[in-house]
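Please look over the chain shown below before reading on. The report that follows takes up its overall layout, its helix packing and a few individual residues.

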Amino acid sequence: MHVVIPYVVAALLFGLGVYGVLRRRNAILVLMAVELMLNAVNLILVTADVSLRSASPGTGGVLALFVIVLAAAEVGVGLAIVLQFYRMRKAVVVDEVRLDGDEERVAG
């Protein structure tokens with residue numbers, strides 16, 4: 001199998017993830033798009049580890065495992081934030097999130 005195929009698949013996955021982050025308005029779908037990007041990075045790390053003869057073999061797999069752990073933590077924290085936001089606003093639309101806190105000053 002050519003080494004180019006996993007790189008192309010990873011590039012497509014990463015492109016889909018970037019499109020999802022930039023285009024989607026639902027926070028859950030944005031988290032899923034971030035997961036796509038992280039999985040593309042994992043694919044590149046494992047492919048590079050297998051295809052390139054490095055001084056320390058297996059580092060790509062270890063880095064991929066680190067990215068998987070990072071992705072799991074990101075999903076946990078992200079879902080907690082989204083659930084809390086849903087409890088407060090009954091919606092998870094990213095465009096309606098105000099980060100400057102002006103809404104509380106107006107309401108209170």
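## A residue in a loop

Where is the place of Lys90? In this predicted model, Lys90 lies in the loop between α3 and α4, the latter helix covering residues 102-107. The phi angle of Lys90 is near 60 degrees, which is a positive value in a residue other than glycine. Since exposed means over 50% relative accessible area, Lys90 is exposed, because its relative accessible area is 61%.

## Overall layout

The protein chain holds four helices and zero strands, and from the N terminus on its elements follow the order α-α-α-α. Of its 108 residues, 21% count as buried. When contacts between residues at least 6 apart in sequence are considered, 55% of them join residues at least 24 apart.

An unreviewed UniProt entry lists residues 6-22, 29-48 and 60-83 under "transmembrane region". In the model, residues 29-48 are 100% helix and 0% strand, with the end C-alpha atoms 29 Å apart. Residues 60-83 are likewise 100% helix and 0% strand, and here the end C-alpha atoms are 34 Å apart.

## Packing of α1 against α2

Two packed helices are described by the angle between their axes and the distance between the axes. For helix α1 (residues 4-23) and helix α2 (residues 27-51), the angle is about 160 degrees and the axes are 8 Å apart. Because angles over 145 degrees count as roughly antiparallel, α1 and α2 are described as roughly antiparallel to each other. The crossing in which α1 passes α2 is left-handed.

On the α1 side, the residues that make this contact include Pro6, Tyr7, Leu13, Phe14, Leu16 and Gly17, while those on the α2 side include Val30, Leu36, Met37, Leu43, Ile44 and Ser51. Sorted by class, the residues of the contact of α1 with α2 are 19 nonpolar, four polar and no charged.

Leaving aside neighbours within four places in sequence, Leu36 is in contact with Leu13, Leu16 and Gly17. Leu36 and Phe14 are 22 residues apart in sequence, yet their C-alpha atoms are 6.4 Å apart in space. With a relative accessibility of 30%, Leu36 counts as partly exposed, because that class lies between the 20% and 50% cut-offs.

## Packing of α2 against α3

Which angle do α2 and helix α3 make where they pack? The angle between α2 and helix α3 (residues 59-89) is about 175 degrees, and their axes are 8 Å apart; α2 and α3 are therefore roughly antiparallel to each other. The contact of α2 with α3 has 15 nonpolar, five polar and three charged residues.

Is Asn42 buried or exposed? Asn42, a residue of helix α2, is buried, because its relative accessible area is 9% and buried means under 20%. Apart from neighbours within four places in sequence, Asn42 is in contact with Ala64, Val67 and Ile68.

Note on methods. Residues numbered from 1 in each chain as written. Predicted model: local features only at pLDDT ≥ 70, side-chain atom pairs only at ≥ 80, totals over all residues. Heavy atoms only, no water. Axes fitted to C-alpha atoms, helices over the stretch in contact; angles between N-to-C directions. Helix = DSSP H or I, 4+ residues; strand = E, 2+ residues; numbered from the N terminus. Parallel < 35°, antiparallel > 145°, perpendicular 65-115°, else oblique. Left-handed = near helix turned anticlockwise from the far one by under 90°. Contact = heavy atoms within 4.5 Å. Nonpolar A, V, L, I, M, F, W, Y, C, P; charged D, E, K, R; others polar. UniProt positions renumbered as here; feature names shortened; annotations may be inferred. Buried < 20%, exposed > 50% of the residue type's maximum accessible area, 1.4 Å probe, protein only.
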